[in-house]
There are 2 protein chains.
Amino acid sequence: MALDEATCLFCREPGGKVLWRNPTCRVVWPEEPEQPGLCRVVYARHVAEMTDLDEAERFALAKVVFATERALRDTLRPDKMNLASLGNLVPHLHWHVIPRWRDDRHFPRPIWAEPMRPATLRQLGADVPQRIASALERILT
Amino acid sequence: MALDEATCLFCREPGGKVLWRNPTCRVVWPEEPEQPGLCRVVYARHVAEMTDLDEAERFALAKVVFATERALRDTLRPDKMNLASLGNLVPHLHWHVIPRWRDDRHFPRPIWAEPMRPATLRQLGADVPQRIASALERILT
């Protein structure tokens, strides 16, 4: 938690391909093969908690998180969505927006738990990041 | 995911001691000894996802989730807060609002991961649920 802006991963790097951004946050596609379709919404400023923001900032970020959930549902038709803001390792406010399928590696457990089955890597089309980006643009404008 | 209202845990039971409620959601204290201080915010209606709600409903629920984070921070002074909406096993919209400490069983991992250390049960005072309830009342009114 002693991490400051100089050493913070999300202050130094985008954290993946940027699908959408505004002055206060960005939606990134980290391309993690084990979690196909996972997106992160990263706050621009180095703060740790939702309740470190004022109400307007907090709801502006939440609006992008929910728009990302909508964009992933529209694009990938998962069986379930998972949302989480943890930040124990990187205490720079960011949300995991995670599409889940009944046959994914961890279902019904959270993706951080012991796997339920061998990795069966779902193949997402190469156009998926662009389709999510387009969905975000449509939802957020 | 075939769970309907007749078989759904959160349609049948509150899910813990109710600390606060309004017509659309409740904040409960499930008393899970391994996760001291964990609260859940449970939506009243049986829906699965934040994006199954309309925008006003979604932000009304989010407001209670963030108020619960604030109440836990004010009452327990944890090192970090974790927020998650998963619902893979019980697809009835609910949020985990989890105070974390550097010496807790899983830190810095999510609470669903393999433990980092033997359970060292943090003892919370018997008055903690009432103090959280009072904090919620103050924040939300």
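Predicted model: local features only at pLDDT ≥ 70, side-chain atom pairs only at ≥ 80, totals over all residues.
Chain B is superposed on chain A by a rotation of 180° with 0.0 Å of shift along the axis, and the RMSD is 0.0 Å. This is the relation of a two-fold axis. Of the interface residues of chain B, 100% are also interface residues in chain A, so the copies meet through the same surface.

The contact involves 37 residues from chain A and 37 residues from chain B. Together the chains bury about 3300 Å² between them, and 60% of this area lies on carbon and sulfur atoms. Four salt bridges are found across the interface of chain B and chain A. One of these is formed by the side chains of A:Asp52 and B:Arg73, with a distance of 2.9 Å from N to O. Between chain B and chain A, 26 residue pairs are in polar contact, counted where both residues have pLDDT 80 or more.

On the side of chain B that touches chain A, the elements that give two or more residues are helix H2 (55-76), strand S4 (80-85) and strand S5 (94-100) of chain B. Helix H2 of chain B gives the most to this side, with nine residues. By class, the side of chain B that touches chain A has 18 nonpolar, 14 charged and five polar residues.

Strand pairing also links the two chains. Strand S4 (residues 80-85) of chain A pairs with S4 of chain B in the antiparallel sense, over three bridges. Within this pairing, A:Ser85 has B:Leu83 in S4 of chain B as its bridge partner.

The remaining features concern the backbone. Most residues other than glycine have a negative phi, and most peptide bonds are trans. In chain A, a cis peptide bond joins A:Phe107 and A:Pro108, with omega about 5°. A:Pro108 is placed in the loop between strand S5 (94-100) and helix H3 (128-140) of chain A. In chain B, B:Phe107 and B:Pro108 are likewise joined by a cis peptide bond, with omega about 5°. The place of B:Pro108 is in the loop between S5 and helix H3 (128-140) of chain B. A positive phi occurs at A:Glu31, a residue other than glycine, where the value is near 50°. A:Glu31 is found in the loop between strand S2 (25-29) and strand S3 (39-43) of chain A.

Terms used
Residues numbered from 1 in each chain as written. Chains lettered and ligands numbered in written order. Heavy atoms only, no water. Contact = heavy atoms within 4.5 Å. Buried area = accessible area lost by both parts, 1.4 Å probe. Polar contact = N/O pair within 3.5 Å; in protein donor to acceptor, adjacent residues only side chain to side chain. Helix = DSSP H or I, 4+ residues; strand = E, 2+ residues; numbered from the N terminus. Nonpolar A, V, L, I, M, F, W, Y, C, P; charged D, E, K, R; others polar. Pairing = 2+ DSSP bridges. Least-squares fit on C-alpha atoms with pLDDT ≥ 70 in both.
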